[in-house]
Amino acid sequence: YETPAEVRMLALMGVDAVGMSTVPEVIVARALGMRVAAISCITNPAAGLSLQPLDHAEVVEVGQRVAGDFERLVTAFVAAL
């Protein structure tokens, strides 16, 4: 997870959301000549933006809760290509 200092730095740069691994994966995929589309699920406030500590269980629970919606979204996106 990001640190509160990273979140403050990114906010100064105008960033609205932080992903865990999207950029490295996109860089590798593009290096292999793949076309890339990214979809993210924001599961929790970034470090330092909430009075509550980061909770991995919360991230997993939200991911499980939206899994069906994500599956339908990706299926529709691929079918539209």
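The lining of the largest pocket comprises 21 nonpolar, seven polar and four charged residues. This description, like all that follows, refers to a predicted model. In total, 32 residues line the largest pocket, and the volume of this pocket is about 780 Å³. Three helices each supply two or more residues to the lining, namely α1 (4-12), α2 (22-31) and α3 (56-80). The greatest contribution comes from α2, which provides five residues. The lining residues nearest the centre of the pocket are V18, G19, M20, S40 and C41.

The overall architecture of the chain was considered next. Its secondary structure consists of three helices and zero strands, and the order of elements from the N terminus is α-α-α. The C-alpha trace extends over about 40 × 30 × 20 Å along the principal axes. The radius of gyration of the chain is 15 Å, whereas a value near 12 Å would apply to a compact globule of 81 residues. Of the 81 residues in the chain, 11% are buried. Among contacts with a separation of 6 or more, 52% are between residues 24 or more positions apart.

V7 is located in helix α1. Its relative accessibility is 9%, and because a residue under 20% is classed as buried, V7 falls in that class. When residues up to four places away in sequence are not counted, V7 touches E2, A46, A47 and L49. Between V7 and Q64 there are 57 residues of separation along the chain, and the distance between their C-alpha atoms is 25 Å.

I42 is found in the loop between α2 and α3. The relative accessible area of I42 is 65%, so this residue is exposed, the cut-off for that class being over 50%. I42 is 24 residues from V18 in sequence, and their C-alpha atoms are 8.4 Å apart in space. V18 is itself one of the residues nearest the centre of the largest pocket.

Charged side chains were examined for pairing. Side chains of opposite charge can pair when their charged atoms come close. The whole structure contains two salt bridges. In one of them, R65 is paired with E61, and the closest N and O atoms are 3.0 Å apart. Both R65 and E61 belong to helix α3, where they are four residues apart, or about one turn of the helix. R65 has a relative accessibility of 55% and therefore counts as exposed. E61, at 37% relative accessibility, counts as partly exposed.

The other pairing joins the side chains of R72 and D69, with an N to O distance of 2.5 Å. These two residues also lie in helix α3; because R72 and D69 are three residues apart there, about one helical turn separates them. R72 is exposed, since its relative accessibility is 53%. D69 reaches 46% relative accessibility and so counts as partly exposed.

Key. Residues numbered from 1 in each chain as written. Predicted model: local features only at pLDDT ≥ 70, side-chain atom pairs only at ≥ 80, totals over all residues. Heavy atoms only, no water. 1 Å grid on protein atoms, 1.4 Å probe; cavity = no way out; pocket = protein on both sides within 12 Å on 5 of 7 lines; lining within 4 Å. Points joined across faces, edges and corners; volume = space filled by probe spheres on them. Nonpolar A, V, L, I, M, F, W, Y, C, P; charged D, E, K, R; others polar. Buried < 20%, exposed > 50% of the residue type's maximum accessible area, 1.4 Å probe, protein only. Salt bridge = Lys/Arg side-chain N within 4 Å of Asp/Glu carboxyl O. Rg over C-alpha atoms; globule rule 2.2 N^0.38 Å. Contact = heavy atoms within 4.5 Å.
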